[in-house]
Amino acid sequence: MAAPRTVLLTGAAGGVGTLMRELLPAYGYELRLLDVAPVPDAPQALTADLSDRAALREAVAGTDAILHLAGISLEAPFEEILEANITGTYNLYEAAREAGVRRVVFASSNHAVGYTPWPRPEQGLIPIDTPRRPDTFYGLSKCFGEDLAQLYWDRHGIETVSIRIGSCFPKPFNVRMLAVWMSPEDGARLFHAALSAPDVGHTVVYGSSANTRLVWDLAPARALGYEPEDDSERFAAELVAAEGEFDAESNPDHAYLGGGFVTDPPLWANRHAR
Ligand code: NAI
Ligand code: 15L
C-alpha cells in the first residue's frame with residue numbers, strides 16, 4: 001500500500017482529535033475533519049453524525065485512510081453506545097468499503113480488556129492476546145470495533161490497526177495513568193506508524209508511551225515501526241504525593257486494568273467529563 005496522504009480524521013473536535021490536528025500534519029498528512037460537534041477554527045470541517053450515511057460517503061470519498069476517533073469515549077447508557085460506537089463504526093466501515101478506502105486506524109481502548117486483573121510484577125506484561133474482558137458497555141463497543149475490523153479485513157481486504165489506547169492526554173492525572181499514559185507526541189508517532197506500516201491485515205496493539213511503570217506489551221506496536229520517546233515517570237512524584245502510591249492490593253480503583261471504569265463507571269464518567 002502506498003503511504004496514505006489524505007486521511008479522514010473522525011472525532012476531530014475531541015481531545016485526541018484536537019491534539020492530532022496539531023501534530024499529524026508534520027508527518028505529511030492532509031487531514032479531512034469530521035465531527036458531530038463544530039471543530040474550532042476549522043470552517044472546512046464536516047459537521048456530521050456517524051448515523052448519517054450520506055455524509056460519511058461524502059467524507060470518505062477520495063481519502064487514502066481513516067483515523068477513526070469519533071464516538072462516546074466514556075461509559076454511557078447502552079442505547080447511546082449502540083448508536084454512536086457500534087452502528088456508527090459499522091456505518092463508517094461500510095462507507096470505506098463502498099469508496100475503496102484500504103486502511104483504517106481504529107481508536108480501541110484498554111477498556112476492551114478492562115477486567116484484566118492488574119498484573120503483579122512476577123506475572124510480566126499483559127500480552128496483546130489476553131482474553132477480552134470489557135469493563136463497561138463502552139469497553140464492549142471497542143470489542144465490537146475490533147471484531148468488525150477483523151471481519152472487514154477477512155471479507156473485504158480493508159486493513160485496520162486497532163489501538164487499545166491507554167490514557168492520551170497532555171499529562172497523566174492519576175497514578176494509574178502512570179502505567180498507561182500515551183503522550184500526545186507518542187500518540188502521533190503511533191498513529192503515523194499505524195497509517196503507514198505495510199501489510200498490517202488486522203493488527204491489534206496497545207497504545208502508550210514507554211512508561212517505566214508499563215503493564216502491557218508494546219512489542220506489537222513497535223513491530224509497526226513505532227518508537228515511543230516519552231515516559232510518564234517525570235510526573236510520578238507529583239501524583240504520588242497527591243494520591244499515594246499505586247496499590248493494587250487494597251485500592252479497588254487499582255485492582256483491574258480499567259481502573260475506575262470497573263469500580264464505578266457512572267461516577268468515573270461524571271468525574272472524568274472535562
Ligand atoms: P472525546 O470524547 O474528547 O472526543 C470524541 C469526539 O467524537 C467528540 O468530539 C464527539 O463530538 C465526537 N462524536 C461522538 N459521537 C459522535 C457521532 N455519533 N458522530 C460524530 N462524532 C461523534 O474523546 P477522546 O478522548 O478524544 O478519544 C478519542 C477516541 O479515542 C475515542 O474513540 C475514545 O474512545 C478513544 N480512546 C481515548 C482515550 C483517551 O485517553 N483519550 C483512551 C482510549 C480510547
Ligand atoms: C478511555 O478509553 C477513555 O476514552 C479516556 O477518557 C480515558 O479515561 C482512558 O480510557 C483511561 O483508561 O484512562
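Helix α4 has 20 residues (137-156) and should span 28 Å at 1.5 Å a residue, and its end C-alpha atoms are 27 Å apart, which agrees. The expected span is 1.5 Å times one less than the number of residues; helices (H or I, at least four residues) and strands (E, at least two) are DSSP runs numbered from the N terminus. This is a predicted model, in which local features need pLDDT of at least 70 and side-chain atom pairs count only at pLDDT 80 or more, while totals for chains, interfaces and linings use all residues. Residues are numbered from 1 along each chain as its sequence is written, chains are lettered from A and ligands numbered from 1 in the order in which they are written, and side-chain values use heavy atoms, with hydrogens and water left out.

An α-helix has 3.6 residues a turn, so residues three or four places apart point the same way. After α4 comes Gly157, with a positive phi near 70°.

Cys143 counts as buried because its relative accessibility is 7%. Cys168 is buried too, at 6%. The count of disulfides (cysteine sulfur atoms within 2.5 Å) is zero.

Leu218 lies in the loop between β7 and α7 (219-222), and with a relative accessible area of 4% Leu218 is buried. Its contacts (heavy atoms within 4.5 Å), leaving aside neighbours within four places in sequence, are Tyr206, Ser208, Ser209, Ala210 and Pro228.

Elsewhere, α1 (15-23) packs on α6 (184-196) at an angle of about 75°, with the axes 10 Å apart. That makes the two helices roughly perpendicular, a class that runs from 65 to 115 degrees. Val16, Leu19, Met20 and Leu23 of α1 meet Pro184, Glu185, Gly187, Ala188 and Phe191 of α6.

Two loop residues other than glycine have positive phi. Asp41, with phi near 60°, is in the loop between β2 (30-35) and β3 (46-47) and is exposed at 82%. Asp199, with phi near 50°, is in the loop between α6 and β7 and is exposed at 68%.

Definitions and conventions. Buried < 20%, exposed > 50% of the residue type's maximum accessible area, 1.4 Å probe, protein only. Axes fitted to C-alpha atoms, helices over the stretch in contact; angles between N-to-C directions. Parallel < 35°, antiparallel > 145°, perpendicular 65-115°, else oblique.
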